[in-house]
Amino acid sequence: MALDQVILAEPRGFCAGVDRAIDIVEHALAKFGAPIYVRHEIVHNTYVVNDLKAKGAIFIEELADVPPGATLVFSAHGVSKAVQQEAEQRGFQIFDATCPLVSKVHVEVAKLHREGYEFIMIGHKGHPEVEGTMGQLDSGIHLVEDVADVSRVQPSQSDKLAVVTQTTLSVDDAAEILAAVKARFPKVREPKQQDICYATQNRQDAIKLLSPQVDVVIVVGSPTSSNSNRLRELAVKLGTPGYMIDSADELRAEWFEGKARVGLTAGASAPEVLVQQVIDRLKALGAISVRSMDGLTETVKFPLPKGLKLD
């Protein structure tokens, strides 16, 4: 059995929040000139970050590395209140590329905190989005990474307890952890709309349709990309071998030995140009046909912040 067909997941690749974040950096470069400073990788993708570096973006983690009076962009993952305040005190011109769906979670946390709520956050420790959301408050927000954590978490009270979620988790894992939270804290308040974003959900749904149709799944995405990692894990969980690659040159011919059909998708921060390069490489390895599966067409668009419109 030789490599024959490539089936493309639909939807895949950039989401509206990533599109907007990249646009913010590019517009800032066009309007104010290089360099533009960006706190943390604007989105978790090596190709995107290197492309913006070449255009004059400088990526930093510490605000002390940004000269006074510079233009600073916050990444799509969002930042803590402390980072926001420090940036304002240092007098930077700030553009916030936080994804509006992450900002929605921040607003919810602030609102319920004023009403006396404590929070349980479902997410991955150390991920910048989790640091940003937990950093909206000085205290009273407790991270759980898995079901086992739920039994160990110790909020100071359970009458006013709300749950929030990192936007890029596995939908199924998050549902399982949420069920454990609800079992232990029956009065817990859930968000009106789940926090996991539409794009994360749609790409995972596409993998659920794609995996049974193929012999191996390739996910284009960088190692730091949470939503890309979840896509590969989901394929494997569904019984299909899955590999995540940052670029086409990471493909290994042995992955396709005895495999006729390859499923191909890309995380929400991975550009389509990389998908096309992977297709070219798969063709060089013997793939003959490429087709897209039927899937949702995403129409979400987020506006740019004021002050970045180009004349």
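In which helix does Ile279 lie? Ile279 belongs to helix H10, residues 272–284, where helices (H or I, at least four residues) and strands (E, at least two) are DSSP runs numbered from the N terminus.

This is a predicted model, in which local features need pLDDT of at least 70 and side-chain atom pairs count only at pLDDT 80 or more, while totals for chains, interfaces and linings use all residues. Residues are numbered from 1 along each chain as its sequence is written, and side-chain values use heavy atoms, with hydrogens and water left out.

## Two residues in their surroundings

Ile279 counts as buried because its relative accessibility is 4%; buried means under 20% relative accessible area, exposed over 50%, and partly exposed in between, with a 1.4 Å probe and protein chains only. Leaving aside neighbours within four places in sequence, Ile279 is in contact with Leu8, Leu264 and Val290, contact meaning heavy atoms within 4.5 Å. Ile279 and Ile7 are 272 residues apart in sequence, and their C-alpha atoms are 10.0 Å apart in space.

Arg114 is placed in helix H4, residues 100–114. With a relative accessibility of 65%, Arg114 counts as exposed.

The expected span of a helix is 1.5 Å times one less than its number of residues. Among the buried residues of H1 are Val18, Ile22, Val25 and Leu29. Just after H1, Gly33 takes a positive phi of about 80 degrees.

H8 has 13 residues and reaches 18 Å from its first C-alpha to its last, close to the 18 Å expected. The buried residues of H8 include Ala199, Arg203, Ile207 and Leu210. The cover over the buried residues of H8 includes E1, helix H7 (171–184), strand E9 (216–220), helix H9 (226–237) and strand E11 (261–266).

## Backbone features

Most residues other than glycine have a negative phi, and most peptide bonds are trans. The peptide bond from Glu10 to Pro11 is cis, with omega near -5 degrees, and Pro11 is found in the loop between strand E1 (5–8) and helix H1 (16–32). The bond from Ala34 to Pro35 is also cis, with omega near -5 degrees; Pro35 has its place in the loop between H1 and strand E2 (36–39).

His40 is not a glycine, yet it has a positive phi of about 70 degrees. This residue is in the loop between E2 and helix H2 (46–55), and at a relative accessible area of 14% His40 is buried.

## Nonpolar cores

A nonpolar core is a set of buried Ala, Val, Leu, Ile, Met, Phe, Trp, Tyr and Cys residues joined through side-chain atoms within 4.5 Å. The largest such core has 26 residues, and those with the most contacts inside it are Val25, Ile42 and Val73. H1, E2, H2 and strand E3 (57–60) each supply at least two residues of this core, and its largest share, 7 residues, comes from H1. Apart from neighbours within four places in sequence, Val25 is in contact with Val38, Ile42, Leu52, Ala57 and Val73. A second, separate core of 21 residues includes Leu8, Ala248, Leu264 and Ala270.

## Empty space

Rolling a probe the size of a water molecule over the atoms shows where empty space is left. On a 1 Å grid over the protein atoms alone, a cavity is a set of points where a 1.4 Å probe fits but cannot get out, and a pocket is an open set with protein on both sides within 12 Å along at least five of seven lines; lining residues have an atom within 4 Å of a point. Grid points are joined across faces, edges and corners, and a volume is the space filled by probe spheres set on the points.

| Space | Volume | Lining residues |
|---|---|---|
| Largest pocket | about 200 Å³ | 15 residues |
| Largest cavity | about 290 Å³ | 24 residues |

Phe14, Arg203, Thr297, Glu298 and Thr299 lie nearest the centre of the largest pocket. H1 and H8 each supply at least two residues of its lining.

The count comes to 1 cavity of 30 Å³ or more. The lining residues nearest the centre of the largest cavity are Cys15, Val18, His77, Thr168 and Asn227. H1, H4, H8 and H9 give two or more residues to this lining.
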